[in-house]
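Reader: I would like a close look at one part of this model, and then an account of how other parts of it are put together. Please keep to what can be read from the structure.

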Amino acid sequence: MRKVFLGVDVGSVTTKFVLIDGEKKILNSCYLKTSGDPIVAIKHGLRHIHSHFPGDAAIRAVGTTGSARHLAGVVVGADIVKNEITAHAVAAITRVPEVRTVFEIGGQDSKLILIRDGVVEDFAMNTICAAGTGSFLEHQAVRLNVPIEEFGKLAARATQAVRIAGRCTVFAESDMIHKQQLGFGKPEIAKGLSEALVRNFINNLASRKTIEGPVVFQGGVAANQGIVQAFHDFFRGEIEIVVPPEHGVMGAWGAAILALEYASEGTSFQGFNVVERDFQTQSFGCEDCPNSCEIVILKEDGLLKALWGSRCGKWTPEIREKTGTKNYQEPTQYAGKQ
Amino acid sequence: MEVLKATFPHLAHLDIALGFLYPTLGVDIVPPPPISKKTIELGVKLAPQNACFPLKVTLGNFLEGIEQGADTVFMVGGVGPCRFGYYGEIQKVILEDMGHRIKFVLLDHPRYGFRRFLDALRSMTGGRFSFIRAKRAAILAWRILRFTEELEGYLRDLRARTWDPQQLETMVTQSLHRLRQVSSPVALDSLCREVRGEISLLPKDNTRDHLRVGIVGEVYVAQERRINFDVERLLGSLGVRVHNSVSTVEYLLHALPFFKSTEKLEAWRLARPYLNRFIGGEGIDSVGSTVRYAHQGYDGVVHLYPFTCMPEVVAKGIMGEVGRDYDLPLLHLAIDEHAGEAGLVTRVEAFVDVLERRRKFGRKKLGVGG
């Protein structure tokens with residue numbers, strides 16, 4: 001049996017699955033909308049991977065990442081649960097070993113990762129401001145009545161640049177409307193917005209950091225030619241920007257690689273029949289101490305599967321063990337692995 | 001004379017020491033309930049939006065204290081380029097505007113009017129008390145406060161190293177609880193001895209060299225775990241030994257007339273090549289402590305401060321220079337009521353990954369130096 005490794009990246013907007021072999025080569029991948037329901041998205045992804053699963057292979061280890069990494073870790077059965085910064089960096093280093101900077105722009109957050117000699121040296125992550133992310137672009141595309149897929153091509157048709165002000169989506173929007181009233185065409189506005197997004201990304205994340213090439217540009221937004229061009233223009237072509245073909249699934253690929261690197265005896269993988277199970281999330285406020293934690297419970301077919309949110313530790317491992325759920329990841333464990 | 005029923009802001013375990021001191025001074029205290037979501041909501045609703053987070057949380061403390069029957073509020077003030085000095089005044093006006101008829105006692109630094117300081121101090125005590133008893137109580141309260149910090153120190157250092165962090169947490173919680181019942185120096189001594197003995201017997205993992213991270217930042221956010229998402233525990237659970245350069249003991253010691261905190265003076269001396277003037281708040285301490293952690297070979301520094309905190313934002317820029325010179329990774333975390341736990345956890349996890357990978361692949365290779 002061939003050993004294969006599964007990586008799952010459940011983000012706020014999209015969910016990605018990647019299946020790799022022992023040489024880190026991608027065998028199969030999928031890219032789906034999360035649509036606000038990560039469990040449904042996870043099931044869809046599993047179904048896709050299962051239907052394209054090589055006959056002579058067996059899953060050896062699973063890694064999850066993304067903002068719903070803990071949930072995905074329990075549902076799929078992960079051997080390693082990693083933050084998205086590490087996962088993206090690992091994938092970028094695998095794809096372009098000499099990479100020195102990673103730009104990752106997703107739906108609701110963006111990341112800048114500095115890499116020196118194949119090791120992450122510094123990173124910045126933007127989680128509260130939408131001005132440098134895909135949702136900014138998507139929102140403005142709706143206003144322009146342009147499908148987001150066409151946005152990049154539209155920007156490429158611009159004959160002149162129009163500067164759209166805004167370190168904030170709200171100001172950018174009012175300025176964009178103003179520029180429309182002045183009579184600028186849609187291509188110029190699209191180009192102006194792309195440049196505004198790039199400026200916002202740099203201003204928010206790269207202040208006082210030295211950006212060196214080659215830059216690997218990944219995440220959903222990297223599909224947008226207008227943004228790639230805007231980055232190119234911003235650095236006056238002095239910095240090489242690489243958009244890998246698998247730019248959309250880099251996080252999931254990174255999670256799969258981490259699963260490969262950290263794989264130990266046995267796997268926690270729950271099997272493909274997870275798609276037939278019923279998952280439910282409930283929560284309650286624990287008022288036993290002033291922390292007033294909100295405890296989130298995940299149930300599988302009515303049985304307790306996992307608990308989150310307890311600060312004092314009262315609602316964690318013991319309960320999981322009692323119900324026979326495999327202890328999917330204790331943070332101290334991976335800190336100790338060398 | 002009427003007995004005051006006073007409430008005060010929470011700061012780490014300050015309430016334990018004050019709970020011991022005040023009854024001796026002839027004041028009834030009404031400690032505010034521990035900081036909770038409700039405390040924060042109350043404070044955020046009434047405080048100016050642009051005020052920094054500690055003002056909002058302590059305002060919430062006062063409101064909850066008043067709800068529980070307090071008629072007096074004790075607050076410390078200060079003068080300097082940081083807005084903290086003005087908190088008390090603002091909070092007083094807010095409480096008055098709400099129609100609360102309370103006595104607001106603001107203790108300012110003696111440097112800015114010794115007479116006023118003494119007056120405030122007098123009104124913070126019941127008026128009638130034995131000086132000798134008060135002095136004894138103050139010394140014991142001080143020792144209690146120091147012991148609470150010692151206990152917190154064990155937690156930071158040992159969480160990652162003990163095989164059973166839950167047992168350690170329980171031990172510390174119980175000790176803090178017992179500390180509330182202490183009434184004499186003898187009782188305190190025996191409690192200290194007992195707890196230290198118990199903790200030294202905890203089985204520890206000495207087989208591996210744990211990552212070490214130092215915490216610097218603004219005095220309130222860096223210490224109040226109910227505000228900073230308990231970042232120390234998170235680091236501990238990721239296998240990191242933590243040291244916190246911020247301490248209420250040192251802060252108060254330095255504020256007392258005729259005393260100086262040697263820790264603070266040392267940090268200021270170390271900060272001098274980068275910053276040689278007072279920029280308000282704990283700005284200079286943050287820079288100096290970062291230099292100290294670099295000298296001590298720490299793997300990284302976490303910088304905690306309230307969002308919009310001016311001294312810390314200045315310090316943040318300067319700390320970048322320190323980080324470059326010593327090749328020391330820094331993680332800056334700005335906290336306010338909008339801060340989300342998920343984003344913070346992701347950043348802390350990634351930071352620990354960075355430190356681990358640097359150790360594994362060797363930081364020297366990266367070219368040390370500025």
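With which residue does the side chain of Asp108(B) make a polar contact?

Author: The model is predicted, and what follows should be read with that in mind. The partner is Arg116(B): its side chain and that of Asp108(B) make a polar contact at 3.1 Å. Asp108(B) itself sits in the loop that runs between β4 (103-107) and α5 (114-123) of chain B. A residue counts as buried under 20% relative accessible area, and Asp108(B), at 14%, is therefore buried. Residues up to four places away in sequence aside, Asp108(B) touches Gly77(B), Gly78(B), Arg116(B) and Phe117(B).

Thr58(B) belongs to helix α3 (residues 53-67) of chain B, and its relative accessible area is 4%, so Thr58(B) is buried. A polar atom of the Thr58(B) side chain lies 2.8 Å from the backbone oxygen of Pro54(B). Apart from neighbours within four places in sequence, Thr58(B) is in contact with Pro9(B), Gln91(B) and Tyr220(B). Between the C-alpha atoms of Thr58(B) and Tyr274(B) there are 33 Å, with 216 residues separating the two along the chain.

The next element to follow in chain B is helix α1 (residues 14-24), which is largely enclosed by the rest of the structure, because 9 of its 11 residues are buried. The buried residues are Leu14(B), Asp15(B), Ile16(B), Ala17(B), Leu18(B), Phe20(B), Leu21(B), Tyr22(B) and Thr24(B). They pack against the strands β2 (28-29) and β3 (72-76) and against the helices α6 (131-158), α7 (165-179) and α10 (248-255) of chain B. Just after α1(B), Gly26(B) takes a positive phi of about 80°.

Two packed helices are described by the angle between their axes and the distance between the axes. For α6(B) and α10(B), the axes come within 9 Å and cross at roughly 145°. On the α6(B) side, Trp142(B), Leu145(B), Arg146(B) and Glu149(B) meet Thr248(B), Val249(B), Leu252(B) and Leu253(B) of α10(B). By class, that contact divides into 5 nonpolar, 1 polar and 2 charged residues.

The helix α7(B) pairs with helix α8 (residues 185-201) of chain B: their axes come within 11 Å and cross at roughly 175°. An angle over 145 degrees counts as roughly antiparallel, and α7(B) and α8(B) are therefore roughly antiparallel to each other. Met171(B), Ser175(B), Arg178(B) and Leu179(B) of α7(B) make this contact with Leu188(B), Leu191(B), Glu194(B), Val195(B), Glu198(B) and Ile199(B) of α8(B). Sorted by class, the residues are 6 nonpolar, 1 polar and 3 charged.

Chain A has a helix pair to set beside these. Helix α4 (residues 134-144) and helix α6 (residues 169-181) of chain A pack at an angle of about 30°, and their axes are 11 Å apart. Angles under 35 degrees count as roughly parallel, so α4(A) and α6(A) are roughly parallel to each other. The crossing of α4(A) past α6(A) is right-handed. From α4(A), Phe136(A), His139(A), Gln140(A), Arg143(A) and Leu144(A) take part; from α6(A), Thr169(A), Ala172(A), Glu173(A), Met176(A), Ile177(A) and Gln180(A) do. This contact has 5 nonpolar, 4 polar and 2 charged residues.

The loops of chain A deserve a check of their backbone. Most residues other than glycine have a negative phi, and most peptide bonds are trans. Lys24(A), not a glycine, has a positive phi of about 70°. It lies in the loop between β2 (14-21) and β3 (26-33) of chain A, and Lys24(A) counts as partly exposed because its relative accessibility is 27%. Arg236(A) has a positive phi of about 50°, and it too is not a glycine. Arg236(A) is found in the loop between α8 (225-234) and β10 (241-242) of chain A, and at 65% relative accessibility it counts as exposed. The peptide bond from Gly213(A) to Pro214(A) is cis, with omega near -5°; Pro214(A) lies in the loop between α7 (186-205) and β9 (215-218) of chain A.

Residues up to four places away in sequence aside, Leu260(A) touches Phe5(A), Ile20(A), Asp21(A), Gly22(A) and Lys24(A). The C-alpha atom of Leu260(A) is 41 Å from that of Lys191(A), 69 residues apart along the chain.

How values were computed:
Residues are numbered from 1 along each chain as its sequence is written. Chains are lettered from A and ligands numbered from 1 in the order in which they are written. Side-chain values use heavy atoms; hydrogens and water are left out. Axes are lines fitted to C-alpha atoms, for helices over the stretch in contact, and angles run from 0 to 180 degrees between N-to-C directions. Helices (H or I, at least four residues) and strands (E, at least two) are DSSP runs, numbered from the N terminus. Angles under 35 degrees count as roughly parallel, over 145 as roughly antiparallel, 65 to 115 as roughly perpendicular and the rest as oblique. A crossing is left-handed if the near helix is turned anticlockwise from the far one by less than a right angle, and right-handed if clockwise. Contact means heavy atoms within 4.5 Å. Ala, Val, Leu, Ile, Met, Phe, Trp, Tyr, Cys and Pro count as nonpolar, Asp, Glu, Lys and Arg as charged, and the others, Gly among them, as polar. Buried means under 20% relative accessible area, exposed over 50%, partly exposed in between (1.4 Å probe, protein chains only). A polar contact is a pair of N or O atoms within 3.5 Å; within protein, one must be able to donate a hydrogen and the other to accept it, and residues adjacent in sequence count only if both atoms are side-chain atoms.
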